[in-house]
Amino acid sequence: MGIVKIDDHLHEEVRRASAVMCRSINAQAEFWMKVGMMAECNPTLSFNDIMKMQVEAAQVARARAVAA
């Protein structure tokens, strides 16, 4: 584990997003770094494609959408 220095504005954005996503500030920053790294390595994939790959890799059961 190490310390990463980031801009104060970016830290505030991470803090706000972490509250919405019910993650710790560190978990939110780690999530964004992981997704960003995957996006750089796979520039043709969309965010949804990346998330689908991660869910499948974790063998998470897919929830069915329910029409209102």
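Hello everyone. Before going on, a word about the model. It is a predicted model, where local features need pLDDT of at least 70 and side-chain atom pairs count only at pLDDT 80 or more, while totals for chains, interfaces and linings use all residues. Residues are numbered from 1 along each chain as its sequence is written, and side-chain values use heavy atoms, with hydrogens and water left out.

Let's start with the overall picture. The protein chain has 3 helices and 0 strands, and from the N terminus on its elements run α-α-α. Helices (H or I, at least four residues) and strands (E, at least two) are DSSP runs, numbered from the N terminus.

What is the radius of gyration of the protein chain? The chain has 15 Å, whereas a compact globule of 68 residues would have a value near 11 Å. That radius is taken over C-alpha atoms, and the globule rule is 2.2 Å times the number of residues to the power 0.38. Along the principal axes, the C-alpha atoms fill a box of roughly 40 × 30 × 20 Å. Of the 68 residues, 12% count as buried. Buried means under 20% relative accessible area, exposed means over 50%, and partly exposed is in between (1.4 Å probe, protein chains only).

Now to the helix α1, residues 8-20. Its 13 residues should span 18 Å at 1.5 Å a residue, and its end C-alpha atoms are 19 Å apart, which agrees. Which residues of α1 are buried? They are Val14, Ala17 and Ser18. These residues cover an arc of only 105° around the axis, which puts them on the same side of α1. The arc is that of the directions from the helix axis to the C-beta atoms. Here is the background: an α-helix has 3.6 residues a turn, so residues three or four places apart point the same way.

The buried residues of α1 pack against α2, residues 25-41. On the face of α1 turned away from its buried side you will find the exposed residues Asp8, His9, Ala19 and Val20. At the N-terminal end of α1 sits a cap, Asp7, with a side-chain oxygen 2.9 Å from the backbone nitrogen of His9.

Let's look at Ser18 of helix α1. Ser18 counts as buried because its relative accessibility is 5%. A polar atom of the Ser18 side chain lies 2.7 Å from the backbone oxygen of Arg15. A polar contact is a pair of N or O atoms within 3.5 Å; within protein, one must be able to donate a hydrogen and the other to accept it, and residues adjacent in sequence count only if both atoms are side-chain atoms. Leaving aside neighbours within four places in sequence, Ser18 is in contact with Arg23, Ser24, Ile25 and Gln28. Contact means heavy atoms within 4.5 Å.

And Arg15 itself? Arg15 is also found in helix α1, and at 38% relative accessibility it counts as partly exposed.

Next, back to α2. In α2, the buried residues are Gln28, Val35 and Met38. Seen down the axis, they fall within an arc of 100°, so they line one face of the helix. What covers them includes α1 and α3. The face of α2 turned away from that buried side carries the exposed residues Asn26, Glu30, Met33, Met37, Glu40 and Cys41.

Finally, two residues to look up in the structure. Cys22, in the loop between α1 and α2, has a positive phi of about 55° although it is not a glycine. Cys22 counts as exposed, at 74% relative accessibility. Gln59 is found in the segment after α3, residues 47-57. Its phi is near 55°, a positive value in a residue other than glycine, and Gln59 is exposed, with a relative accessible area of 72%.

Methods
The expected span of a helix is 1.5 Å times one less than its number of residues.
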